[in-house]
Amino acid sequence: MHEQHAGALVANGLGEDVPEWVAYFDAAEHAGARAVSVRDLAGLGRPRKQASTHFEDALKLRKPGFDRVRVMDRIGLAAALFDEGEAERGAAAAQQALDDAARVDSTLVASRLNSLLDAARPYETAAVHEVRTRAKDLAAARPTTIAA
């Protein structure tokens with residue numbers, strides 16, 4: 001119920017008297033937040049919804065100029081696909097995410113690579129091995145952060 005209400009509120013706009021610190025929150029940000037929530041709940045053993053769908057929605061809705069957030073959405077999508085048992089699609093999404101991540105210098109993006117590596121761990125295909133190698137190399141070349 002709250003998710004539907006929040007979705008309707010964001011879709012209809014937040015109004016004119018919105019503080020500047022809230023103004024960035026649009027439909028894309030809402031979809032990204034839902035994706036992370038669904039992924040986190042699945043990690044806690046709650047009923048598994050598909051976080052990948054929400055990450056895909058966020059990517060479709062992101063406006064130009066949000067490169068770092070778009071990269072995090074792409075990494076999240078790839079990790080979600082691995083978590084959902086979609087190794088082939090996850091590997092393809094991960095390659096695109098890694099291409100984009102290589103162009104963004106961000107400790108937060110670098111730390112998200114760990115979630116991608118964790119999600120890819122169960123798979124032993126050549127495509128997933130290549131993703132793991134690229135992600136490890138990229139993470140080693142970037143600064144790290146304690147928490148993300």
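A127 is partly exposed, with a relative accessible area of 39%, and its place is in helix α8. The structure is a predicted model, and the protein has eight helices and zero strands. The points below begin with the protein as a whole and then turn to individual helices and residues.

**Overall organisation**

- From the N terminus on, the elements of the protein run α-α-α-α-α-α-α-α.
- The protein has 148 residues, of which 39% count as buried.
- Of the contacts in the protein with a separation of 6 or more, 60% are accounted for by residues 24 or more positions apart.

**Helix α5**

- After α5 comes G85, whose phi is positive, near 85°.
- D73 is one of the residues found in helix α5.
- D73 counts as buried because its relative accessible area is 5%, under the 20% limit.
- In space, D73 and R62 are 9.6 Å apart, C-alpha to C-alpha, while in sequence they are eleven residues apart.

**Helix α7**

- Helix α7 spans residues 107–120 and has 14 residues.
- From its first C-alpha to its last, α7 reaches 21 Å, close to the 20 Å expected at 1.5 Å a residue.
- The buried residues of α7 are V109, A110, S111, L113, L116, L117, A119 and A120.
- These buried residues of α7 pack against α5, α6 and α8.

**The packing of α5 with α7**

- Two packed helices are described by the angle between their axes and the distance between the axes.
- The axes of α5 and α7 come within 8 Å and cross at roughly 10°.
- Because angles under 35 degrees count as roughly parallel, α5 is roughly parallel to α7.
- On the α5 side, the residues that meet α7 are R68, V71, M72, I75, A78, A79, F82 and D83.
- On the α7 side, the residues that meet α5 are L108, V109, R112, L113, S115, L116, A119 and A120.
- By class, this contact of α5 with α7 has twelve nonpolar, one polar and three charged residues.
- V109 touches R68, V71, M72 and I75, and also A101 and V104, when residues up to four places away in sequence are not counted.

**The largest nonpolar core**

- In soluble globular proteins, nonpolar side chains tend to be buried together.
- The largest nonpolar core here has 33 residues, and those touching the most other members are I75, F82, L98, V109, L113 and L116.
- Two or more residues are given to this core by each of α4 (51–61), α5, α6 (87–101), α7 and α8 (126–141).

- S52 is found in helix α4.
- S52 is buried because its relative accessible area of 4% falls under 20%.
- Leaving aside neighbours within four places in sequence, S52 is in contact with L77, A80, L81 and E84.
- G90 is found in helix α6.
- With a relative accessible area of 0%, G90 is buried.
- G90 is in contact with A78, L81 and F82, leaving aside its neighbours within four places in sequence.
- The C-alpha atoms of G90 and A80 are separated by 7.6 Å, and these two residues are ten residues apart along the chain.
- A127 in helix α8 lies 37 residues along the chain from G90, and their C-alpha atoms are separated by 9.6 Å.
- A127 is in contact with A91 and Q95, leaving aside its neighbours within four places in sequence.
- A127 counts as partly exposed because its relative accessible area of 39% lies between the limits of 20% for buried and 50% for exposed.

Key. Residues numbered from 1 in each chain as written. Predicted model: local features only at pLDDT ≥ 70, side-chain atom pairs only at ≥ 80, totals over all residues. Heavy atoms only, no water. Helix = DSSP H or I, 4+ residues; strand = E, 2+ residues; numbered from the N terminus. Axes fitted to C-alpha atoms, helices over the stretch in contact; angles between N-to-C directions. Parallel < 35°, antiparallel > 145°, perpendicular 65-115°, else oblique. Contact = heavy atoms within 4.5 Å. Nonpolar A, V, L, I, M, F, W, Y, C, P; charged D, E, K, R; others polar. Core = buried A, V, L, I, M, F, W, Y, C linked by side-chain atoms within 4.5 Å. Buried < 20%, exposed > 50% of the residue type's maximum accessible area, 1.4 Å probe, protein only. Expected span 1.5 Å × (residues − 1).
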